[in-house]
Amino acid sequence: SHTCTYGALGAFATGMGSTDIACAMATGEVWMKVPPTIKFVYHGRLNKWVSGKDLILYTIGDIGVDGARYAAMEFAGEAISALSMDSRFTMANMAIEAGGKAGLFRVDKKTRAYLQKKAGRPYTAYEPDRDAAYEKIIEYDVSEIEPQVAFPPLPSNVRPVSQAGNVKIDQSVIGSCTNGRIEDLEMAADVLKWNKVHPDVRLVVLPGSQEVYLEALRRGYIETFVRAGAAVSTPTCGPCLGGHMGVLAAGERAISTTNRNFVGRMGSTQSEVYLSNPAVAAASAVLGRIGSPTEVAE
């Protein structure tokens, strides 16, 4: 379902169920409606410790988990232009959590620089039509957005980290297809380099790929995590879907950089999952409760 991550490259990409895929394999065709497009425009400059994860959580909190149902979400504005590719991948990844069919970014200099290293063949970049018709246009001032936390049981149950209250945690998870890229690990390492994981908390770090893992090794992030008291795994979905490497027991709480916090998503139906960016997840691992990176890092 998170195939829509490719939207960060300006590609229409959406998930398919196993039945749809079987029919496509058998017939060579797939049936889809052309989705309407909702344009999200983000103005201003991001505050410190705020990333693409916070923008998409804030957006989902605003429109709800069905706010973009079957629609293409187009992300635009000066704040989006300033985002790294890693943050764009995160936003596109979670378009599905707003009910979206796809999350799309324009192809700019940053996209082309990324593709120059990755693309193995020529490609065509598509632009929005100048007279494009949108179902609606929603605008935000990002200067008013602080790190966000999605409380259970939905990604739309969002509040600023300053309003999280005293929520004690048993586990913190940093990684997954949503936030397992090198920028994410860098953000977490910046918080953890002078701190130790709280004795009552398990911190699990999941690099998004072997390439990311090797780059994190070269930069010293893996050593930072280990010295802080984290368990670093090889790249995997891990506990995100209740698989392994941090599955929650009844009564346990986790803060996680993953994309979903539904009941039973990470293990027991009596556990709770809170969603955040990597800096908040790292800071919470240090504090033993959900908290802001400003509490433990400069």
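Reply: Two strands pair if DSSP finds at least two bridges between them. In this structure, six bridges join strand β1 (residues 37-43) to strand β4 (residues 136-141), and these two run parallel. Strands (E, at least two residues) and helices (H or I, at least four residues) are DSSP runs, numbered from the N terminus. The model is predicted, so local features need pLDDT of at least 70 and side-chain atom pairs count only at pLDDT 80 or more, whereas totals for chains, interfaces and linings use all residues. Residues are numbered from 1 along each chain as its sequence is written, and side-chain values use heavy atoms, with hydrogens and water left out.

Me: Which residue of β4 stands opposite Ile 38, and which residue of β2 is its bridge partner?

Reply: Strands of a sheet pair through backbone hydrogen bonds, either parallel or antiparallel. Here Ile 38 stands opposite Lys 136 in β4, while its bridge partner in β2 is Met 73. Strand β2 covers residues 72-76; five bridges join it to β1, and the two run parallel. Val 41 stands opposite Ala 76 of β2.

Me: In what order do the four strands of the open sheet stand?

Reply: The order is β3-β2-β1-β4, with parallel pairing. β3 (102-105) and β4 stand at the edges with a single partner strand each, so one side of each has no neighbour in the sheet. On average, neighbouring strands of this sheet are turned by 25 degrees against each other, direction ignored.

Me: Which helix makes a β-α-β unit with β1 and β2, and is the unit right-handed or left-handed?

Reply: The helix is α2 (residues 52-63), and with β1 and β2 it makes a right-handed unit. A crossover is right-handed if, with the strands pointing away from the viewer, the path from the first strand over the helix to the second runs clockwise.

Me: Which strands does helix α4 lie across?

Reply: Helix α4 (residues 85-93) lies across β1, β2 and β3 and runs at about 150 degrees to β3. Axes are lines fitted to C-alpha atoms, for helices over the stretch in contact (heavy atoms within 4.5 Å), and angles run from 0 to 180 degrees between N-to-C directions.

Me: How do α4 and α5 cross?

Reply: The axes of α4 and helix α5 (residues 109-118) come within 10 Å and cross at roughly 100 degrees. The two helices are therefore roughly perpendicular to each other; angles of 65 to 115 degrees count as such, under 35 as roughly parallel, over 145 as roughly antiparallel and the rest as oblique. Met 85, Arg 88 and Phe 89 of α4 make the contact with Lys 110, Thr 111 and Tyr 114 of α5. By class, this contact has three nonpolar, one polar and two charged residues. Ala, Val, Leu, Ile, Met, Phe, Trp, Tyr, Cys and Pro count as nonpolar, Asp, Glu, Lys and Arg as charged, and the others, Gly among them, as polar.

Me: Is the crossing of α7 and α9 left-handed or right-handed?

Reply: α7 passes α9 in a left-handed crossing. A crossing is left-handed if the near helix is turned anticlockwise from the far one by less than a right angle, and right-handed if clockwise. The axes of α7 (residues 182-192) and α9 (residues 221-228) come within 9 Å and cross at roughly 45 degrees; the helices are therefore oblique to each other. In α7, Ile 182, Leu 185, Glu 186, Ala 188, Ala 189 and Leu 192 meet Tyr 221, Thr 224, Phe 225 and Ala 228 of α9. The residues of this contact divide into eight nonpolar, one polar and one charged.

Me: Where is Trp 49 found, and which two residues does a cis peptide bond join?

Reply: Most residues other than glycine have a negative phi, and most peptide bonds are trans. Trp 49 is found in the loop between β1 and α2, and its phi is positive, near 70 degrees. The cis peptide bond joins Pro 152 and Pro 153, with omega about 10 degrees. Pro 153 lies in the loop between β5 (148-150) and β6 (158-160).
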